[in-house]
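Please keep the sequence and the three-dimensional view open while reading.

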4 protein chains.
Amino acid sequence: MSYFSSIPAIRYEGTGSENPLAFRHYDPTKLVLGKSMAEHLRLATCYWHTFVWPGSDVFGAGTFERPWQQAGEPMAKAREKADAAFDFFSRLGTPYYTFHDTDVAPEGNSIAEYKNNFAAMVDVLEKKQAETGVKLLWGTANVFSNPRYAAGAATNPQPEVFAYAATQVRHAMEATHRLGGANYVLWGGREGYDTLLNTDLKRERAQLGRFFQMVVEHKHKIGFKGTILIEPKPQEPTKHQYDYDTATVYGFLKDFGLENEVKTNLEANHATLAGHSFHHEVATSIALGLFGSIDANRGDPQNGWDTDQFPNSVEELTLVVYEIVKAGGFTTGGFNFDTKVRRQSSAPEDLFHGHIGAIDALALSLERAAKMIERDALADFKAKRYAGWDADFGSKILSGGYTLASLADEALSRDLHPKHVSGGQELLENIVNRYIYG
Amino acid sequence: MSYFSSIPAIRYEGTGSENPLAFRHYDPTKLVLGKSMAEHLRLATCYWHTFVWPGSDVFGAGTFERPWQQAGEPMAKAREKADAAFDFFSRLGTPYYTFHDTDVAPEGNSIAEYKNNFAAMVDVLEKKQAETGVKLLWGTANVFSNPRYAAGAATNPQPEVFAYAATQVRHAMEATHRLGGANYVLWGGREGYDTLLNTDLKRERAQLGRFFQMVVEHKHKIGFKGTILIEPKPQEPTKHQYDYDTATVYGFLKDFGLENEVKTNLEANHATLAGHSFHHEVATSIALGLFGSIDANRGDPQNGWDTDQFPNSVEELTLVVYEIVKAGGFTTGGFNFDTKVRRQSSAPEDLFHGHIGAIDALALSLERAAKMIERDALADFKAKRYAGWDADFGSKILSGGYTLASLADEALSRDLHPKHVSGGQELLENIVNRYIYG
Amino acid sequence: MSYFSSIPAIRYEGTGSENPLAFRHYDPTKLVLGKSMAEHLRLATCYWHTFVWPGSDVFGAGTFERPWQQAGEPMAKAREKADAAFDFFSRLGTPYYTFHDTDVAPEGNSIAEYKNNFAAMVDVLEKKQAETGVKLLWGTANVFSNPRYAAGAATNPQPEVFAYAATQVRHAMEATHRLGGANYVLWGGREGYDTLLNTDLKRERAQLGRFFQMVVEHKHKIGFKGTILIEPKPQEPTKHQYDYDTATVYGFLKDFGLENEVKTNLEANHATLAGHSFHHEVATSIALGLFGSIDANRGDPQNGWDTDQFPNSVEELTLVVYEIVKAGGFTTGGFNFDTKVRRQSSAPEDLFHGHIGAIDALALSLERAAKMIERDALADFKAKRYAGWDADFGSKILSGGYTLASLADEALSRDLHPKHVSGGQELLENIVNRYIYG
Amino acid sequence: MSYFSSIPAIRYEGTGSENPLAFRHYDPTKLVLGKSMAEHLRLATCYWHTFVWPGSDVFGAGTFERPWQQAGEPMAKAREKADAAFDFFSRLGTPYYTFHDTDVAPEGNSIAEYKNNFAAMVDVLEKKQAETGVKLLWGTANVFSNPRYAAGAATNPQPEVFAYAATQVRHAMEATHRLGGANYVLWGGREGYDTLLNTDLKRERAQLGRFFQMVVEHKHKIGFKGTILIEPKPQEPTKHQYDYDTATVYGFLKDFGLENEVKTNLEANHATLAGHSFHHEVATSIALGLFGSIDANRGDPQNGWDTDQFPNSVEELTLVVYEIVKAGGFTTGGFNFDTKVRRQSSAPEDLFHGHIGAIDALALSLERAAKMIERDALADFKAKRYAGWDADFGSKILSGGYTLASLADEALSRDLHPKHVSGGQELLENIVNRYIYG
């Protein structure tokens, strides 16, 4: 019998419902700005936190006691986990899922075992996808948990470790391709340093650049049409990670000629650990042409580690969805719940509560954001604020019509006396709240 | 009579001295690795914190009551300030100084007044330099304090403000050139945003890019041979500043074709506000070919704002000096004390105590770093750690000799089983302490 | 003519209104849980940020150019400021205001001048209160801005400074009493240290304890019936402030026998600087019997200093108002807007936008919180969660019915095997969002 | 054969030695201020990080592969671990060790098993102590790792969990007593909350208070003469822990009448996570009469979690040791290395490198601190700075000789004009560096 057998399929019941196992705002077929909610949000559930993590933390053992996490023959347990996972996806109704290679298959004791185990499980996943209609948002390779990766994968001081990682990434990419995945993700979990005393930054950067180039070349070679995504994170478990934030990734990609090949997979909690708002990282990725996908979660504002909580702030998410929808919405990306229930939330239904609340928060945010876009007071304000740059003087400056000297001469001859004007921040904050709270 | 008349010229007296107004470690003529301490460190005192700031903070009025800060005819007070400043430089013995245009001259009520006041004061500075032998490390323009710059200078929504800033920067550059300055600094004090709600990131980025290009073009036009420096800072007074850190600046420069034209002026306290160690920012700038100069100070590890305290941690500075000297040392840059005495440190001698302690800390760090370089245990460790990348397999990978698939095939056929090895962090930390503490 | 003459009196117009200068949610007479919104919220506007601060920051001059901040005869300007302030209070419709002594009167050049100036301005305030009906929520003394307080007031190394501060506090208390103030606030703006190297913690603690005792004794002597409040803050401008947070204040008050005499005035931004959520500080103050009043503002989650922004997160405020109303609501306290518009928000109407948005956010939060209380799902959950402590075993433990040994014996003899149960965090978060978003 | 058989006993070889497996500064018998280094520092190695932790982190499996951590019969492995631990203690030469009950014995599947396993291992420890001469600095109980403690131990919503924890603490206390332990430690690893939504702060506080009272009562009943210590920590793994910092603990202890019964066990990394310097927490504990013992480690200034690194900053530790020695030194406490090698430091000798570097850093700090005390420039400065409080006026204020009104009257009649004087921070910082760097 299914671990989740007591849980009904989750349905949209509207705000009148008091059923905690129903959506109150997320109606997948509801049209918003001409597209269904499901098409806008492209929701995905992750294998990693939801089916692999046992509820442990640095000071305590796992609390979840899922049947598939008990001792047993590894491949049999992997199949049992896949059964539970697709049962969960189906009951919850998220159209996509995401995985690391070693989430779905035992890594084995050699490369050959790894390859065989993974291949066998990809067959299982393919069948499960066909049976349930659940699709793959992205796949990835876990090249950070095994002790061999303690000093990094692509940036490891040993080229053999680079080669081992390349093997996993190759197979994870090909599996993603075969399973119809929309994207392939690179997360530099240990691509960074614990101490500068033993680290050659320049060398490790070159290794990472070559690795990414090989990934992009392989994508084209195998004809994978999805997007290669990189997920910035500033630190943890390393002291410092090389893909710190969007701006850092941008410089890195430009250095290796990859800025048109790779997009960002942004995570809310990684943004805040890097000292940015989630809104900032999304807006920056859009401004730099790098926006790809979202790992939707949140951190705890008082805790300095990656808590990966379910996102539930409509106030924060509305601005994020507003930016994304204004920029044209997701192409291959989506909102993936890279989220874990709290360690105390050990009941099977807690997995549903976490996702349901997050999905409703996104649905609410989408509705609020759509209203913001329909009558875009922020855009109007900005248009007025920057109007001078669309007029002659501003355009001439931007298009190279002045040197520093000729501009200074003109400023002097015109005796310019520009005066600061209000930025209207409080007014705009009130307007946003008007959209959110009616 | 001079404000500092009670203070003798500061001399090197060695560690036997108990005179708080003497150097115990900084002997400018002492040779270290073949260069004098003075040549290595290229010490500079700043006008800004030392002669302009009155000892105020957000909750309190100025405590310093310097004579030149009292009410009076602006140009007369500016001359009085210059007298005090050069008297201080001379007594302290730092060979360089640094200034913002409006530190040295009253900004006046129009561009014309600004230009005239500044020109008159540049004459004064030129004479002072000749009299004292003190040289200019860098000049810069203050395009952030005047209310007109409340919404930024180059990134201001009004092109007229951009033009005003261009005027100041032009004159500050030309003054720097005339005064023999070794560098010209750009600090984006208000180039950022207070709220994304009213901000067009893409547009402001384009404005900033054009501004920097104009600056570089002007440098070449006037024949200035010094270095253009940009000083990263993540926030404060803005919520978010565009030149967040070195990695961000790198991507920005590449975008506008300026990565070979502009270097970084790194500040310790800005590094830590950005979530990095000072060591990280220096090592990263060096690895990216961007290293230029240092604003030597420190933050308070428990306070989240720019405290600009005098640097005094030999433990931190030794690693920083080690990186710099290993990378060839300063070319045009130097250690500028962008530092302020605490608000309670209101006595004239406190200005000396702050600088003397910082200079001695740098001198100690230089000596320790020189020992680290003479017998470079860290370099030896790294050479072994990365040896595989210098051997055939690693070289072939890096030079493009493998595709992802061919490398994976080889890993499989060789049945690679790489094993993690110790990174030796504690050992290396002990070795560093051995250099520092003998 | 009034500075605010172009601004109409702010009225409740409901959510149908698009007038940015109207309340959409705050209807002062609307009944919520049997009391009017006005009675629940007890809104106050502060003199300090709103009429005294010129829009300066650490890197820039004031941008606001209020007429009463221009040069002029100090007492005349103070009267002009009072006119503007009460005009603003009346147009905005906040029933209370708050002030520091030196906000309302020039501090003069001697104690006698201070006393006389302040007395004269208290007469003015008394008349203004009578004319407008605006009441005093609390008064306080500014014993941190003048250079004499650079090293603290009560904790100053010089007893003469303690005496000067005592003089100000005495007069500010008596003025508060005379003006019918509901509370008197102590903020330890410089009661802390910049460095431990020159600080005697034990001695300064004793000074502060004696000062507070004197304040409480004086309260009783003059028959002031209001509440003495202390406002915790962890740092800024000092490195470390003695009234770090509620828990610290509690220990301090118990030490000096004042825990029944003094309550907390909690500020959102101070809570977050101390590493706590605002919710935490409110809930802790309530749990410790210390809750008094609120300085309603917010910080910026990415900035490490006191930004004192207008509160606008209904998500955060709903939980805060829920705790307060559940605990019986304010007695003498209220929501004081210790908030400042951004430095760029230099137009007179910006002062209104800031307050209007904050007031509407509080009104919305009150309505949401009232619904949470009417059908208190959180309380129900907690009642079940802790039920064991109300039953025999738990009660016996708490009431001292067991020793460690007898309890261990019983655990062994009963072979206890307690099992963790779900804490339901995600479910509860969803329920809260249901209250907030319907 | 011993896991550490390749490592010789660590000896003092002085600064001339280049042997990384020798002390260069720690000479246990060297006299400093009349006591041996060993007596001053009372060094302890912990079982927990050093023999129990497998080198795992939140993103990766254990890298250490210690023989006693492999699969096997639990009691046999526990004995093997004890052999390795005491072998390590003996080779390293730290005179003390520390443990949690479940570090040394398998917790079993019932209370009875726990009791029996632990009792059997206490016999082993007793014998090991006798054989090696290694003494117990403190014992404690792990009441946070088992899933039953997911919602806390004493503060658990289920009284049965409280009872289970009481059982462990009783046995751990009695074992500590029998083994001659100098202290018993309480760490509230999960005494806090993950969300306020399901938490009754007042109730949990009462539970915790009763628990501590029971512990103190039991101490007296069994005649344990050691000190009960509480170890403050602000967060992690919980969102918020009840024993946040020293000041919080102080208020808590006073509330339950325990301020003379319990002292603090301060950890450097917990101090910094709480927003304080380590120096601050030590100085505050001393000022409040709570100072007990030290968990000597350090955090990473850029990472927001408990990294528990080996302490190696002589600059930081010198000030800490200065405070402790000035206050009379440890009585029952000591420096316990609650530290872990980095996950990459997987070689057996890395455990030695970590401890050796930390011990040498403490020895250096002790020597520097002794010089600071012998000629105590900081104390001299403070004596002058606060002199007014020792004179008539200050004494009279502190001893209650003035009311607020009489003091204000005197200030007015004497026309007090106190003037700020320099706090000398930079001078004092220079003096400290003079002690540290000669």
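The text below takes up the symmetry of the copies, their contacts, the domains, the annotated sites and some backbone details.

The model is predicted, and local features are given only where pLDDT is at least 70, side-chain atom pairs only at pLDDT 80 or more, while totals for chains, interfaces and linings use all residues. Residues are numbered from 1 along each chain as its sequence is written, and chains are lettered from A and ligands numbered from 1 in the order in which they are written.

**Symmetry of the copies**

Two copies of a chain are related by a rotation about an axis and a shift along it. Chain C is superposed on chain D by a rotation of 180 degrees with 0.0 Å of shift along the axis, leaving an RMSD of 0.0 Å; the two copies are thus related as by a two-fold rotation axis. Within chain C, G251(C) has the C-alpha nearest that axis, at 1.8 Å from it. Superposition here is by least squares on the C-alpha atoms of residues with pLDDT of at least 70 in both copies. For chain A and chain B, a rotation of 180 degrees with 0.0 Å of shift along its axis likewise gives superposition with an RMSD of 0.0 Å, and in chain A the C-alpha nearest the axis belongs to G251(A), 1.8 Å away from it.

**Contacts between chains**

Two residues count as in contact if their C-beta atoms, placed from the backbone, lie within 7 Å. Residues are classed as nonpolar (Ala, Val, Leu, Ile, Met, Phe, Trp, Tyr, Cys and Pro), charged (Asp, Glu, Lys and Arg) or polar (the others, Gly among them). Helices (H or I, at least four residues) and strands (E, at least two) are DSSP runs numbered from the N terminus.

One helix pair shows how chain A and chain B pack: helix α6 (residues 159-178) of chain A and helix α16 (residues 404-413) of chain B meet at an angle of about 115 degrees, with their axes 8 Å apart. Such axes are lines fitted to C-alpha atoms, for helices over the stretch in contact, and the angles run from 0 to 180 degrees between N-to-C directions. The residues in this contact include A163(A), Y164(A) and R170(A) of α6(A), and L404(B), E410(B) and L412(B) of α16(B). By class, the contact has 10 nonpolar, one polar and two charged residues.

**Domains of chain A**

Chain A is divided into domain 1 (34-374) and domain 2 (378-437), with bounds that come from an automatic or database domain assignment. The C-alpha centres of domain 1 and domain 2 of chain A lie 39 Å apart.

**Annotated sites and backbone details**

UniProt, in an unreviewed entry, places the feature "binding site" at E231(A), E267(A), D295(A) and D338(A). These residues span 108 residues in sequence, yet no two of their C-alpha atoms are more than 11.7 Å apart, so they gather at one spot. UniProt's unreviewed entry also places a "binding site" feature at E267(A), H270(A), D306(A) and D308(A). This group spans 42 residues in sequence, yet no two of its C-alpha atoms are more than 10.2 Å apart, so its members gather at one spot. UniProt positions are given in the numbering used here, feature names are shortened, and annotations may be inferred rather than shown by experiment.

E267(A) is placed in strand β10 (residues 262-267) of chain A. D308(A) lies in the loop between β11 (291-295) and α11 (314-326) of chain A, and has a positive phi of about 50 degrees although it is not a glycine. The peptide bond from E236(A) to P237(A) is cis, with omega near 5 degrees, and P237(A) is found in the loop between β8 (227-231) and β9 (240-241) of chain A.
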